[in-house]
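Please examine the sequence and the model shown below. A short report on selected structural features accompanies them.

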Amino acid sequence: MEDTKGLKRSDPMVVSRVRVGLLKNIQEVLLGTKLSVLLSAIPLAVVADRRNYGRAWVFALSLIGLTPLAERVSFLTEQIAFYTSPTVGGLLNATCGNMTELIISIVALIHHKVDVVKYSLLGSILSNLLLVLGTALFFGGIANPSKEQNFDTKQTGVNSVMLLLGLLCHLLPLMLKLSGTPAASIAAGQLQLSRASCVVMLVGYIVYLLFQLWTHRQLLEDEEANDDGDLISDEKHGPVIGFWSACFWLVLMTGIIAPLSEYIVASIEVTSDAWGLSVSFISVILLPIVGNAAEHAGAIIFAFKNKLDISIGLALGSATQIAMFVIPLSVLMSWIMGMDMDLDLNPLETSCLAMSILVTAFTLQDGKSHYLKGLVLVLCYVVMGACFYVLRGPNVKL
């Protein structure tokens with residue numbers, strides 16, 4: 001009888017703890033970022049779609065709503081990583097780092113919009129290499145004007161090599177088309193070469209993960225020490241929510257990203273006409289800026305703190321993941337779905353990809369940075385954005 005009474009007396013305490021834990025989770029996940037105010041755009045997008053307020057409104061509200069979701073997915077992935085081994089945590093971060101881009105690609109493939117997939121993933125690489133990295137180097141140089149910022153070139157060298165491999169896999173199908181091969185066999189040859197190249201890229205990405213997370217992990221971890229010799233303490237503070245809570249919220253956020261991606265893909269052509277913007281500009285410029293919101297904010301913050309190795313790792317790591325994992329995975333998924341998606345970008349897009357990789361590699365080769373280097377990268381991105389703004393030709397096939 002005493003046990004029963006004791007249990008009854010403890011029930012309100014248990015309920016109270018559950019309520020406190022739930023409120024803490026909501027506070028940390030939904031209100032733990034300044035971007036949380038943009039979450040209000042998500043129900044507005046649903047209302048705009050149900051009430052038929054116009055596809056352009058649905059597109060704009062969905063795009064705004066995706067911005068905090070992309071940042072929160074990155075946050076939740078980091079929370080889960082606290083409860084796992086460093087290798088599993090690193091693998092989880094590598095897999096979920098570009099969740100938004102991957103979901104948009106899958107939805108676009110379901111809608112048979114292969115060019116939207118190509119443009120959005122190309123834009124994500126350009127955004128990470130030029131805009132995210134460029135603004136990080138620029139603001140880092142402005143915040144530390146009296147000296148050059150130094151960073152370790154080991155990580156940049158590894159990522160640059162992987163990006164060059166991805167560039168080669170994009171160049172060869174284009175070169176095959178320009179080689180004078182009979183037109184009847186070009187399409188089939190490009191498709192076969194692209195699929196074979198995607199298998200090679202995925203193998204390369206797996207080896208890249210093993211290199212980073214296992215065989216040469218200590219080599220890359222040495223970069224976490226800054227010039228004063230202290231570790232990044234603000235990244236070692238520990239988790240703020242529980243493991244299962246983080247998993248639940250991650251699944252929930254992913255479930256919300258999917259219908260918003262559906263709205264965006266379904267509305268992109270109507271929005272293009274309504275706003276007077278080409279589909280290529282929307283796919284290459286607008287969508288990647290939203291998808292890279294987390295990397296962008298994090299890279300700038302760490303650059304301000306003179307922790308440039310982390311800023312560069314965020315930008316280059318995300319670009320490498322898109323080039324070597326998300327793109328080949330999209331090609332192979334389209335193959336499974338019965339669609340013919342290859343790695344052939346038109347000469348203009350391939351040139352932008354090549355120049356962005358080469359300019360970034362040259363910028364980072366000496367291990368030193370200042371605001372001028374960052375400004376040059378940003379200006380390169382502005383010029384490429386202007387190019388896609390005026391691109392309104394038969395290259396865009398939807």
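## Basis and overall architecture

This is a predicted model, in which local features require pLDDT of at least 70 and side-chain atom pairs count only at pLDDT 80 or more, whereas totals for chains, interfaces and linings use all residues. Residues are numbered from 1 along each chain as its sequence is written, and side-chain values use heavy atoms, with hydrogens and water left out.

The protein chain contains 15 helices and two strands; these are DSSP runs (helices H or I, at least four residues; strands E, at least two), numbered from the N terminus. Of the 398 residues in the chain, 51% are buried. Here buried means under 20% relative accessible area and exposed over 50%, with partly exposed in between (1.4 Å probe, protein chains only). Among contacts with a separation of 6 or more, 83% involve residues 24 or more positions apart, a contact being defined by heavy atoms within 4.5 Å.

## Helix α15

Helix α15 (residues 371-390) has 20 residues and should span 28 Å at 1.5 Å a residue; its end C-alpha atoms are 29 Å apart, which agrees. The expected span is 1.5 Å times one less than the number of residues.

The buried residues of α15 are Lys-373, Gly-374, Leu-377, Val-378, Tyr-381, Met-384, Gly-385 and Phe-388. They cover an arc of only 135° around the axis and therefore lie on the same side of α15; the arc is that of the directions from the helix axis to the C-beta atoms. Val-383 and Val-390 are exposed on the other side of α15. The cover over the buried residues of α15 includes α6 (114-143), α11 (279-291), α14 (347-364) and β2 (368-369).

Rings of Phe, Tyr and Trp (its six-membered ring) pair if their centres lie within 6.5 Å; planes under 30 degrees apart count as stacked, over 60 as edge-to-face and the rest as tilted. By this rule there are eleven aromatic pairs. The rings of Tyr-83 and Phe-243 have centres 5.9 Å apart and planes at 70°, so this pair is edge-to-face. Tyr-83 lies in the loop between α3 (55-82) and α4 (86-96), and Phe-243 in helix α10 (residues 243-275), so the pair ties together parts that are 160 residues apart in sequence. Tyr-83 is partly exposed, at a relative accessible area of 39%, and Phe-243 is also partly exposed, at 27%.

Tyr-205 and Phe-325 form a stacked pair, with 5.3 Å from centre to centre and 25° between the planes. Because Tyr-205 lies in helix α8 (residues 183-215) and Phe-325 in helix α13 (residues 308-336), this pair ties together parts that are 120 residues apart in sequence. Tyr-205 is buried, with a relative accessible area of 5%, and Phe-325 counts as buried at 18%. Ring pairs also link Phe-138, Phe-139, Phe-304 and Tyr-371 into a cluster.

## Cysteines

A disulfide is a pair of cysteine sulfur atoms within 2.5 Å, and by this rule the count is zero. The sulfur of Cys-169 is 7.5 Å from the closest cysteine sulfur, in Cys-198, too far for a bond. Cys-169 is buried, with a relative accessible area of 6%. Cys-352 is likewise in no disulfide, the nearest cysteine sulfur, that of Cys-387, being 5.3 Å away. Cys-352 is buried, with a relative accessible area of 8%.

## Loop residues

Phe-151 is located in the loop between β1 (149-150) and α7 (153-177) and is buried, with a relative accessible area of 8%. Its C-alpha atom is separated by 5.4 Å from that of Asp-309, 158 residues away along the chain. Beyond neighbours within four places in sequence, the contacts of Phe-151 include Leu-308, Asp-309, Ile-312 and Leu-364.

Most residues other than glycine have a negative phi. Asn-52, although not a glycine, has a positive phi of about 55°; Asn-52 lies in the loop between α2 (41-50) and α3 and is exposed, with a relative accessible area of 65%. Asn-306 has a positive phi of about 65° and is placed in the loop between α12 (293-304) and α13.
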